[in-house]
Amino acid sequence: MIGPPGVTSGQRIAVFDLDGTLTRRDTLLPYLFGWLRRRPGRCWRLWALPGPLLRFAIDRDRGRLKSALIRIAMGGAARSEVAAWSREFVARLDERQLCPGALAAIAEHRRADDHLVLLSASVDLY
């Protein structure tokens, strides 16, 4: 039997969700607010926020809203700058943001040599 790429024969697959499973709540808004807090010169870009919020009130398309929020806050930033902030954001997650036992469950699956998969509707920036 052929399995998914990267999965060896007999290896189990452990699938985790991010927001609400590994973390206690949504991570996108704290990520974007942290980005803007460290770059207050970008806050002027928030003038564009009412348009996507109104569109969301009409079409309820969360993906479109997330995309617009990211473009408003981070559009035009260098990849290296985004990558540096993403590393910092993830490193700052602690027991206040993470669900109890989340890191222990991941560590247990790693010890068992399970193939770990993050399956999430969250963005892949971090």
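Which residues of helix 4 are buried?

I began with the ground rules. I am working from a predicted model, where local features need pLDDT of at least 70, side-chain atom pairs count only at pLDDT 80 or more, and totals for chains, interfaces and linings use all residues. Residues are numbered from 1 along each chain as its sequence is written, and side-chain values use heavy atoms, without hydrogens and water.

**Helix 4.** I looked up residues 79-92, which form helix 4 (helices are DSSP runs of H or I with at least four residues, strands runs of E with at least two, numbered from the N terminus). I found Val82, Trp85, Ser86 and Phe89 buried (under 20% relative accessible area with a 1.4 Å probe, protein chains only; exposed is over 50%, partly exposed in between). They lie on the same side of helix 4 because their arc around the axis is only 105 degrees (taken from the directions from the helix axis to the C-beta atoms). On the other side I noted Ser80, Arg87 and Ala91 as exposed.

**The cover.** Helix 1 (28-38) and helix 3 (62-74) are among what covers those buried residues. I then checked which residues join these two helices: in helix 1 they include Trp35 and Leu36, which are part of a set meeting one in helix 3 that includes Leu69 and Ile70 (contact is heavy atoms within 4.5 Å).

**Threonine 23.** I placed threonine 23 in the loop between strand 1 (13-16) and helix 1. Threonine 23 counts as buried because its relative accessibility is 1%. Beyond neighbours within four places in sequence, I listed its contacts as Leu18, Gln97, Leu98 and Cys99.

How values were computed: Expected span 1.5 Å × (residues − 1).
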